[in-house]
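Thanks for coming, everyone. I have one structure to go through, so please look at the screen while I talk.

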Amino acid sequence: MSDANPEETSSLVPAGESRLSNLPGGLAARGLALASDLLSRPIPMLEPGEVHCLRGHGDCVVSVAISPDGRYGASGSWDRTVRVWELAGGAELARFEGHADRVASVSFSADGRRVLTGSWDGTARLWDWEKNAEVTRFFEGEGGMVHAVALSPDGRVAACGGGKPYFVLRNVLTGEELRTCPLPIGPVRSLRFSPDGKYLLSGSGQVVVSGAGRDNGTLCLWEVESGQRLWGRADATEPVLSVAFSSDGELAFSSTGWPSRSRLNVTSVWEVGTGTELHRHEAHRQPLFSGRFLPGSRNLLLVGRDRLLRLWDPAEAREIRRFEGHQDAVYSVAVSYDGRYALTGSGDRTVRLWRLPQNS
Amino acid sequence: MDASDLLNPTPEERELSRLLGELAGLEEAVAERELRLNQLEVELHVFEVQYLEVVGKRYAELDTLLAQIADLEAGQHPDSAELLERAEEAWARAQESADALDAGRTHPVPGHRPPSDSLKKLFRQVARLIHPDLAEDEIAREKREVLMGAANRAYKSGDEEQLASILREWEESPEAVVGHGTASELLRAIRQVARMRDRIGTLDREIAALKESHLAHLRARVEAAETSGRDLLAEMAAELEPQLLEASARLDTLVKADGSP
């Protein structure tokens, strides 16, 4: 009798070689070979590019947003609807058909379950898309279109602006007007809260058909709590169409231009603390309609009439990468919190999700 | 025997007490190794069940498809001994994979909780007392082996009560009573020390073999990948999926060409 002990090992393991050491059919050996092969490959890096083309809108998509957790996208269109998309799979999850005119602007709540929408019908509405129910309605009866809406990062304050030369800060839950912030020139084109919710950028401006050189675009920084304007620039010759904060809140972005003509299109990066213009670029031949900073970066994502999504280094005035796919002007861009994905809305009636290159 | 005898032990008595001391240390070492081996087996088995469910299942499916394909191919060329042999090999492999899957599923999954300290302590106590290598002769050895097997099972299923009752049964049995006489005790102790040393060597080899096993290496890789946020088992399953689809499509084509349902 050998020192191998049959009874002792028979409870789990047959005599001699352990059953576990090498599964029959080479199942363990084959698995080990496959695992080693998988581990020896470079870590799967997905190629940047278009992930989904989301169809369904019947007209231009002029505003898009990504929920703070990166799971959902919202799009507002001239077809008067707002849609919510599941970004991973590209499915349309909800559709809001409450607006009586073109939808101009959309913004997600902090929990991603609500979307604030602004429309040419003169209203801004808070919409619970999971329940497909309208929660609150602002601006009703004040006249003029709503062009820009924004929800503060804590979800408590809504900013709405439109045809009039002012925008309003409201308590989201009660609809109570907190502040009215007057601007030298309307209409209000773009509103963005800073990442900490303490400040707000506004972009406004009017199109002047003749008399070039007249000041008609404004960019202002506001303190949300007091409603005070901290600094402002009112010397842009074209309307300020888009404003944005960098993720650290230190930089501001603005772009001026006009959709229908190739006039002076300027993108600028500003120091938020001082209002100093750090970078200025006038060479974009086509108007840029929207821009966002990449999270954790000083580079920008830009979209415009040239149908491109551009990754742009403003310090070097250099295009890092371009993404082609849209068949018409691109009006809006949003970026996920982690900088991995961008969402764009276009005149080709589609919303597209793009995987962005990492480490840029 | 007067007091001086106690104070001045004979050389045999001194040797015996030295051997008994060594034996106690060796018993402790054996029990410790038994525990480690058991622990390793339990952990590997938990991993095995998970692995078979996610990856092994797909290998088994793939092997069955490949065997069916080889079968049909052999059927198309009845004269080819090579194809026939290949089909037989494919079936043998498919059978083995299916067996592995069954074996993994039928063995009870031990509780996922780690064994309690009291269970470990009890097992160590049992292993020290009734280890078969402490037996005097073959009959006694067999009896100890049966008990040790039962103790192993009880430990693996975490059955503390069962372990305690094995211990009680042993303590009440005549085996537990040790014979007298320095000479016979000395002889017994020498034999036991030798056996225990052998046993330690065997256990060490078994533990090393288990640690060097394919399954253990696979588990180590899966766990390492997990710490860097990768689900290696899922990646493996995803890697096999296209092969399954391809084999399945190939089989469909062959079945259609074969004209039989």
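I will start with conventions, then take chain A, and finish with chain B.

This is a predicted model, in which local features need pLDDT of at least 70, side-chain atom pairs count only at pLDDT 80 or more, and totals for chains, interfaces and linings use all residues. Residues are numbered from 1 along each chain as its sequence is written, chains are lettered from A and ligands numbered from 1 in the order in which they are written, and side-chain values use heavy atoms, with hydrogens and water left out.

Chain A, then. Its secondary structure comes to two helices and 28 strands; helices (H or I, at least four residues) and strands (E, at least two) are DSSP runs, numbered from the N terminus. Of the 360 residues in chain A, 55% are buried, where buried means under 20% relative accessible area, exposed over 50%, and partly exposed in between, with a 1.4 Å probe and protein chains only. The accessible surface of the chain is about 14,900 Å², with 47% of that belonging to carbon and sulfur atoms; the areas are from the Shrake-Rupley method with a 1.4 Å probe, and for residues only the protein chains shown count as cover. Take the contacts in chain A between residues at least 6 apart in sequence: 44% of them join residues at least 24 apart. Contact here means heavy atoms within 4.5 Å.

One is an open, antiparallel sheet of four strands in chain A, ordered β10-β11-β12-β13; two strands pair if DSSP finds at least two bridges between them. Strands β10 (146-151) and β13 (177-182) of chain A are at the edges with a single partner strand each, so one side of each has no neighbour in the sheet. Neighbouring strands are turned by 20 degrees against each other on average, direction ignored; axes are lines fitted to C-alpha atoms, for helices over the stretch in contact, and angles run from 0 to 180 degrees between N-to-C directions. Inside this sheet, β11 (157-162) and β12 (166-171) of chain A are joined by five bridges in the antiparallel sense. Gly161(A) has Phe167(A) in β12(A) as its bridge partner.

The other sheet is also open, with four strands of chain A in the order β22-β23-β24-β25 and antiparallel pairing. β22 (288-293) and β25 of chain A are the edge strands, each pairing on one side only. From one strand to the next, the twist averages 25 degrees. β22(A) runs antiparallel to β23 (300-304) of chain A, with five bridges between them, and Gly291(A) is opposite Leu302(A) in β23(A).

Next, the backbone. Most residues other than glycine have a negative phi, and most peptide bonds are trans. Where does chain A have a cis peptide bond? Between Gly186(A) and Pro187(A), with omega about -15 degrees. Pro187(A) is in the loop between β13 and β14 (188-193) of chain A.

Two non-glycine residues have positive phi. Ala317(A) has phi near 50 degrees, is in the loop between β24 (309-313) and β25 (318-323) of chain A, and is partly exposed at 37% relative accessible area. Arg349(A) has phi of about 75 degrees, is in the loop between β27 (341-346) and β28 (351-355) of chain A, and is partly exposed at 43%.

One buried position in chain A: Val240(A), in strand β18 (240-245), has 2% relative accessibility. Not counting residues up to four places away in sequence, Val240(A) touches residues including Arg189(A), Gly203(A), Leu219(A) and Ser255(A). Its C-alpha is 8.7 Å from that of Val188(A), 52 residues apart in sequence.

On to chain B. How are α8 (214-227) and α9 (232-258) of chain B packed? Their angle is about 110 degrees and their axes are 8 Å apart. α8(B) and α9(B) therefore count as roughly perpendicular; angles under 35 degrees count as roughly parallel, over 145 as roughly antiparallel, 65 to 115 as roughly perpendicular and the rest as oblique. In α8(B), Leu218(B), Arg221(B), Val222(B) and Ala225(B) meet Leu232(B), Leu233(B) and Met236(B) of α9(B). That contact has six nonpolar residues, no polar and one charged, where Ala, Val, Leu, Ile, Met, Phe, Trp, Tyr, Cys and Pro count as nonpolar, Asp, Glu, Lys and Arg as charged, and the others, Gly among them, as polar.

Last, Glu73(B) in helix α2 (11-76) of chain B. Glu73(B) is buried, at 18% relative accessible area. Leaving out residues up to four places away in sequence, Glu73(B) touches Leu83(B), Arg250(B) and Leu254(B).
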